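Notes follow in the order I looked things up.

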Amino acid sequence: MPLVLARIDCRLIHGQVVETWVPHTSADSLIVANDELAGNPFLRSVMELAVPPAIRVHFCRLDEAIPVLAAADRSGERSILLVASAGDAVTLRKAGAAFNLLNIGNLHFAAGKVEISPSVFFAPEDFDALEWFRSHGVTVLVQGTPFETGTSFDAERE
Amino acid sequence: MTTQALSTRSRSAVWRRQFLLQGCWNYEGMQNVGFAYAILPALRDFYANRPEEALKAVKRHLEFFNTQPAMGALILGASVRLEERVAAAESDPRAIGTFKVGLMGSLGAIGDSFFWGALRPMASVAGALLALLHPLLGIAAMLLFYNGVHLIVRRRGFDAGMEGPEAVVGWLKRAALNVRTDDRKLLAAILAGAYAGVFAGRFFVQGGGFYHALASLLLAAAAVHLFAVLFRKAVSPSEILSFLLLVGVLILWR
Amino acid sequence: MAWRFLLAILLGGVCYLDRTAACQLMLHRPLVVATLMGAVFGNMAAGAQVGVVLELIYLARLPVGASIPPDDTGAAIFGGSAAAVASSSIGLDAGSFTALLLLSVVVSEVGKAADRFVRKFNVRIARLTAESVDRGDIQAVEHGLLAGLTLFAVTGMVLALLFSGAGVVVSKELLPRFGPASRGSFAILLPALPLLGAASVYSCSRTERTAAVFFLTMAAVFAGTVLFRWSA
């Protein structure tokens, strides 16, 4: 089974993912592609405790993500891919990650960012990433939990 | 320069103030004001005669912060210890931000699953079932079931945090909240089954025979299954209720 | 009647504070709130009946992250006060009971919108707090928190007045317009509501063994209830 959800969330694994998206998509594995986390065993061990025992978690660096995704695919896992920023998502898509729908859950506020939804704020480079996705056949959906309506940025027709 | 130790009074002030972590919940910084408010008594102790540094410390804690409120106690306790080290110049102030940001998502997930996804449903159904016997019994049971665990997790989490950030992972592993989550969820499902059974039995029309009873049970079970499927497809309870309301109005119209 | 509303405002305000801003001791749960409101408006048992059903319905919606669930505290204020008032005028028959529970969905969405407004408004308070701290005023943190807390409390009290008022009006003005027969036709929807609540708990309890355990317990308890009734 391929990826059931690709999501940008600056908090990576947290309540919205574990309690709403995992049941909603019937996922059985989480793939977290994040350089900082892959290099920090302390944060990784805490994050592992956040995941129900029945769900598998893979942590990897961004450049390891493609083989990890392929391996999960081969073993028939229904995976959710999590990255922390729009830039990381672009990197993975360019490297060949197979998703045409990208969910944006949380991007925190910082000075100079523009509000897209109450929990998603875009910096200028995020708008660039959004344009890149739309022109490469990826629909971007800003939606915290499946219960929310969300804002959709459809892919441009070829 | 010597650093003041944390007074017992301030320690209990921090403990009390953590109950107001969400007192100024806002979309930009979420629990930021609440966190700064809670840790303030400790900062006042540590930076007693250094207003400049006290100011910097307060600003650190006005950065974005959000976690499940009961799990905030653990992060708060550990942050007090980290601030103590920073005040004594034993640690880099940036470590505090990294620590808080690194933990808040994971602890949020642990707390959301355990408290909102498991303990609260369990306490709710138990309370609702007992309320059928007597309302006050139901309320008392629900509050006890929930807060018995809730307050212990807050207390022990706070104490574990106060032992220092190194103790956090050990405590979380011993507390094994993710395993307990599954137990509570199973218990909640059993109680919810009983609740559904009681009401399905109550609405079963008197005087019908065995097959009538069987048919009502199957119908009720099918309804529960249908609702659960709708929930998984992200239809909200409000939408289902609105639909039923519409059906009711149409019946009246007829 | 005025003192009843005053009490409803005070108790409602406390329950609303417990919901987000302070403590989260479950004082904001529909079972507690509807029973309280029932007692305030003259019939605790009627309020509790509403609470028992409302308690479970919205559990599937978790307050995770920035996502706000429907306001079941408000729904319980409305339902509890309306049920108590109805029970002392037209009588709380199954049809009125169902109608009140279904109407509470409107209240829960209004309450959710109010909650969102408070959290948006608090952004300003948080910004002002940060600016004052920048200017060197540490105490601004305490004032900021107090301001946020006050806004939560005042909004809660306004909502409590609004929703209990709506409950009284619906039970005194709206329901009596329909005869007992047409109210009765609403009652056929009643069995769906507790089942909706059970499904709500069931759906947040999805572990591997859940389905079997849930339906077996349901069947056993159902059989027990029916047998008890037949033997009685």
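First a rule for my notes: two strands pair if DSSP finds at least two bridges between them. Helices (H or I, at least four residues) and strands (E, at least two) are DSSP runs, numbered from the N terminus. This is a predicted model, where local features need pLDDT of at least 70 and side-chain atom pairs count only at pLDDT 80 or more, while totals for chains, interfaces and linings use all residues. Residues are numbered from 1 along each chain as its sequence is written, and chains are lettered from A and ligands numbered from 1 in the order in which they are written.

**Chain A, the sheet**

I looked up the sheet first. In chain A I found an open sheet of seven strands in the order E3-E2-E4-E1-E5-E8-E9, with mixed pairing. Its edge strands are E3 and E9 (151-153) of chain A, each pairing on one side only. On average, neighbouring strands are turned by 20° against each other, direction ignored; axes here are lines fitted to C-alpha atoms, for helices over the stretch in contact, and angles run from 0 to 180 degrees between N-to-C directions.

Then I went to the partners of E2(A). With E3(A) it pairs in the parallel sense over five bridges. Opposite A:Ala33 I found A:Cys60 in E3(A), and opposite A:Leu30 there is A:Val57 in E3(A). E2(A) also runs parallel to E4(A), joined by four bridges. On that side A:Leu30 stands opposite A:Ile80 in E4(A).

Is E2(A) buried or exposed? I call a residue buried if 20 or more other C-beta atoms lie within 10 Å of its own, exposed if 12 or fewer, and partly exposed in between, with C-beta atoms placed from the backbone. Five of the five residues of E2(A) are buried, so the strand is largely enclosed by the rest of the structure. I checked both faces: A:Ser29, A:Ile31 and A:Ala33 are buried on one side, and A:Leu30 and A:Val32 on the other.

**Chain A, the helices**

I took contact to mean that the C-beta atoms of two residues, placed from the backbone, lie within 7 Å. By that rule H5(A) packs on the sheet, touching E1 (3-9), E2, E4 and E5 (101-106) of chain A, and its direction makes about 125° with that of E4(A). Helix H6 (residues 124-135) of chain A lies across E5, E8 (139-142) and E9 of chain A, running at about 135° to E8(A).

Which residues of helix H4 (residues 65-74) of chain A are buried? I got A:Ala65, A:Leu69 and A:Ala72. Seen down the axis of H4(A), they fall within an arc of 65°, so they line one face of the helix; the arc is that of the directions from the helix axis to the C-beta atoms. They pack against E2 (29-33), E3 (56-60), E4 (79-83) and H5 (86-95) of chain A. On the other side of H4(A), A:Pro67, A:Ala71 and A:Arg74 are exposed. Just after this helix, A:Gly76 takes a positive phi of about 75°.

**Chain B**

Domain bounds come from an automatic or database domain assignment. For chain B this gives domain 1 (8-181) and domain 2 (208-254). I noted 40 Å between their C-alpha centres.

**Chain C**

Chain C has nine helices and zero strands. Its C-alpha atoms fill a box of roughly 75 × 50 × 25 Å along the principal axes. Of its 232 residues, 61% count as buried. Among contacts in chain C between residues at least 6 apart in sequence, 75% join residues at least 24 apart.

I picked out C:Thr150, which sits in helix H6 of chain C. C:Thr150 is partly exposed, with 14 other C-beta atoms within 10 Å. From its C-alpha atom to that of C:Leu36, 114 residues apart along the chain, I read 23 Å.

**Where chain C meets the others**

How many residues make the contact between chains C and B? Chain C gives 86 residues and chain B gives 84 residues. H5(C) supplies the largest share of chain C's side, 15 residues. By class, that side has 57 nonpolar, 20 polar and nine charged residues. I counted Ala, Val, Leu, Ile, Met, Phe, Trp, Tyr, Cys and Pro as nonpolar, Asp, Glu, Lys and Arg as charged, and the others, Gly among them, as polar.

With chain A, the contact takes eight residues from chain C and 14 residues from chain A. Chain C's side there has three nonpolar, two polar and three charged residues.
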